[in-house]
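Please look over the structure below before reading on. The paragraphs that follow go through it step by step.

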Amino acid sequence: MKWLILAIVIVSTTFGDVLQALGMRRHGEIDDFRPDSLGRQALQAIRNPAIGGAVFAMTVAFFSFMALLSVADVSFASPATAGSYVLDTILARTLLKEHIDTRRWAGAALVAFGIFLLSR
Amino acid sequence: MPPSAPTKPERALSLTAKTRLFTLIVIVSNVIGNLALSHGLRNTGSLVGGPVLGYITVLFNPWVAVGVVFLIVWFLSHMTLLSWADLSYVLPVTAIGYALIALGGRVFLHESVSLVRWGGIAFIVCGVSLVGGTDPRATPEKKQL
């Protein structure tokens, strides 16, 4: 059961991350941090379907992560959910068309391996 | 001559400064949120297979509530950071949070950290340093998808 919940956390987190990145790319760079401007931008972001999808995916991820924490230690649960990490990087390259140079691939591989060790 | 309204460059933070600031907020809120949530869920028993109401009831546990507040801060700051930085930059750099959560689990929740886990923390730190040295916005002006 622990592994099934973990799979749900990973898939929903990945969808959440990618939709969030896609939505914010469409929204544009946030450069004004005054409260009234932030409020306006938050309202604009909510109307963005990709951000709506991200909020839904993150809500699923949150409740399944809570279920995972109720049956596993945080030092297992937190790194283990980073399986979404590898999937995220691949989708950033293929779906979001991000430029990922050698240093980023190497850094991502080191982090992924470190997270793997951390979950053992 | 009357003072002019602040122009965009005057009120805008530099890319490096705001990337550092929001990366810090993302990491700190994620670490505190996860630790508080885990602490709160420790004594509630398994939620798996229980009634759906159990998920709602547990939100009234003070530690879980604190965790939820910090995870909302995490979500909003993560979203802000992604408005200018690549996903392939944000994810590895904020992964240092995993190492901090393991350390926090050791210090505050008395969970064990084996030699292998210490090795994992070292790999994460190396990876974060490597990616942290790249341009947060390496993708040429964001193509519309």
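**Two chains and their contacts**

Arg104(A) counts as buried, at 1% relative accessibility; buried means under 20% relative accessible area, exposed over 50%, and partly exposed in between (1.4 Å probe, protein chains only). This is a predicted model, in which local features need pLDDT of at least 70 and side-chain atom pairs count only at pLDDT 80 or more, while totals for chains, interfaces and linings use all residues. Residues are numbered from 1 along each chain as its sequence is written, chains are lettered from A and ligands numbered from 1 in the order in which they are written, and side-chain values use heavy atoms, with hydrogens and water left out.

The partner of Arg104(A) is Asp86(B): the two form a salt bridge in which the closest N and O atoms are 3.0 Å apart. A salt bridge is a side-chain nitrogen of Lys or Arg within 4 Å of a carboxyl oxygen of Asp or Glu. Arg104(A) lies in helix H6 (residues 102-118) of chain A and Asp86(B) in the loop between H4 and helix H5 (87-94) of chain B, so this pair joins two chains. Helices (H or I, at least four residues) and strands (E, at least two) are DSSP runs, numbered from the N terminus. Asp86(B) is buried too, with a relative accessible area of 0%.

How many salt bridges are there over all chains? The count comes to six. Another of them is formed by the side chains of Glu29(A) and Arg137(B), at 2.6 Å from N to O. Glu29(A) lies in the loop between helix H1 (2-27) and helix H2 (35-46) of chain A, and Arg137(B) in the segment after helix H7 (115-132) of chain B, so this pair also joins two chains. Glu29(A) counts as partly exposed at 34% relative accessibility, and Arg137(B) is partly exposed with a relative accessible area of 25%. Salt bridges that share partners join Glu29(A), Asp31(A), Lys18(B) and Arg137(B) into one network. Within chain A, Asp32(A) forms a salt bridge with Arg34(A), the closest N and O atoms being 2.8 Å apart. Asp32(A) is buried, with a relative accessible area of 10%, whereas Arg34(A) counts as partly exposed at 39%.

Now take the chains as a whole. Chain A has six helices and zero strands; chain B has seven helices and zero strands. Of the 120 residues of chain A, 53% count as buried, and of the 145 residues of chain B, 46% do. The accessible surface of chain A comes to about 5400 Å², of which 70% belongs to carbon and sulfur atoms. Chain B exposes about 7500 Å², with carbon and sulfur atoms supplying 71% of it. These areas come from the Shrake-Rupley method with a 1.4 Å probe; for residues, only the protein chains shown count as cover.

Helices of the two chains also pack together. Which residues of H3(A) meet H4(B)? They are Ile51(A), Val55(A), Met58(A), Phe62(A) and Met66(A), and they meet residues of H4(B) including Trp74(B) and Phe75(B). Contact means heavy atoms within 4.5 Å.

Tyr85(A) is found in helix H5 (residues 83-94) of chain A and is buried, with a relative accessible area of 3%. Not counting residues up to four places away in sequence, Tyr85(A) touches Ala108(A), Val111(A), Ala112(A), Ile115(A), Leu91(B), Pro92(B) and Ala95(B). Tyr85(A) and Ala112(A) are 27 residues apart in sequence and 7.0 Å apart in space, C-alpha to C-alpha. Leu91(B) and Pro92(B) are among the buried residues of H5(B). Eight of the eight residues of H5(B) are buried, so this helix is largely enclosed by the rest of the structure.
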